[in-house]
Amino acid sequence: MKKEIIKFYSKYRLYIFPAIVSLSSLFLIVFAIYPQTMKLIAGQKSTEKLINRSKLLDIKVAALENLNDKDLSRKVELVLNALPPEKDFGNTFALLQQLVIQPGFSMTSITVSNSSAKVGNSDSFDVKLELKGPRILLSTILNNLDNSPRLIRVKSIDVSSNQGQQNVDVALALQVLYAALPQNYGMIDSPLPELSQNDEGLISTLESIKRTIPATAESPRGKSNPFE
Amino acid sequence: MKISINLLPPEDIALAIQRAKFYKIQLIGIIIILTMIFLTSLTVALRILQGRSMAPVQTKVVAAEQRVSDLKSTQGYLMLLKDRLKVIDQYLGVSSKQSLVYQLMDKLIPPSVIINAISINQAGVVTFVAIVPDSISLDNLLSNLTDQESNDGQIREVSVESLNRGRDGFYRISFKIKSEIL
């Protein structure tokens, strides 16, 4: 049998040897060289990605570490005063009273609606104010409301007066804004937002408004640290 | 001159040619196989080296991830701050349209006109009831409300609902005004 095989091989070795070489090469290419090369290319790409990610994370860590925690907390407190996560009726009443009394008006009634409505991406609840005071100062109240440290929109204005009297009765329908805290505070890879000049300007404006209305300098209700 | 005479029988010559041909094929085949083995070893070695060089980068990334996780609350504060500022920017210091309309009316109504009632509803319609002491004031009021130069083109429509003149000589007038602001 062995002799027969050797005889067969000797007779057809010109064809059998190249066939064996071709098949072996093909086997190596298909099962070793090609997959390993593909893995090598993919590995190279993922290494580059990892290096880039590492650089980005380092930059992010540096940026986060450079932030002043106290300053950030103060800014967050300011913006949460302006747009709290809850309705916060107590502070709203105190603020409205301040905004109305400051220019010389008196508040005869305040009605709060418990229902919520959407204003843009925020929620709001309705407040109806009935006021009495000099008509000439109504513009100041409206200006105060538009520049209030808590976001308030004027929905409707009703002014009535008796003939010859300087004082007017005013009914203001207001929308007081609030917004739930965002559900997502960013993933590890999410880019860090930067505070623009406009943002810093807004914070300064909120600070200066807060200084002019000291009674509203309370911290917002709810959790002291919303991330806990 | 070199003369070569092959005295071998033709079968042996054919066999020798076949053998020489096979050796050539064998040599080429071995070269191919060795090349394939070399390429296989090279790719495997490169893969191993790549895996080793990746490990420190991975460790660095894991460490950076941990540091970001430790600063998660700072990131959260910053995200919250930015999110809130986006909304605050839309409304802070931006007058409500109703306030703007009221201020416009305040500017257009002459001081001699006594306002009985002024109402600006959510739909933007201003209802206005006033007492005007004389015809000059009435003229002024109407021209202010209707003249585009006086009202800066901010009034779209003025409808006089009623106009009476009382025994006291005062005009009682009520308007409906639609503003361009709303």
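A:Arg53 is partly exposed, at 24% relative accessibility. (Buried means under 20% relative accessible area, exposed over 50%, and partly exposed in between, with a 1.4 Å probe and protein chains only.) This is a predicted model, where local features need pLDDT of at least 70, side-chain atom pairs count only at pLDDT 80 or more, and totals for chains, interfaces and linings use all residues. Residues are numbered from 1 along each chain as its sequence is written, chains are lettered from A in the order in which they are written, and side-chain values use heavy atoms, without hydrogens and water.

A:Arg53 forms a salt bridge with A:Asp189, the closest N and O atoms being 2.7 Å apart. The term requires a side-chain nitrogen of Lys or Arg within 4 Å of a carboxyl oxygen of Asp or Glu. A:Asp189 lies in the loop between strand S4 (167–178) and helix H5 (197–212) of chain A, and A:Arg53 in helix H1 of chain A, so the pair ties together parts 136 residues apart in sequence. Helices (H or I, at least four residues) and strands (E, at least two) are DSSP runs, numbered from the N terminus. A:Asp189 is partly exposed, at 48%.

Another salt bridge joins B:Lys60 and A:Asp58 at 3.9 Å, N to O. This pair crosses between chains, from helix H1 (residues 10–70) of chain B to helix H1 of chain A. Both ends are partly exposed: B:Lys60 has a relative accessible area of 47%, and A:Asp58 has 27%. Over all chains, the count is 15 salt bridges.

Next comes the largest pocket. About 420 Å³ of space lies in it. Its lining has 21 residues, with A:Ile59, A:Lys60, A:Ala63, A:Leu192 and A:Pro193 nearest its centre. H1 of chain A gives the most to this lining, with seven residues. A pocket is an open set of points on a 1 Å grid over the protein atoms alone, where a 1.4 Å probe fits, with protein on both sides within 12 Å along at least five of seven lines; lining residues have an atom within 4 Å of a point. The volume is the space filled by probe spheres set on the points, which are joined across faces, edges and corners.

Finally, two backbone cases. A:Asp88 has a positive phi of about 55° although it is not a glycine. A:Asp88 sits in the loop between H2 and helix H3 (89–101) of chain A, and is buried at 10% relative accessibility. In chain B, phi of B:Asp152 is near 55°, also positive in a residue other than glycine.
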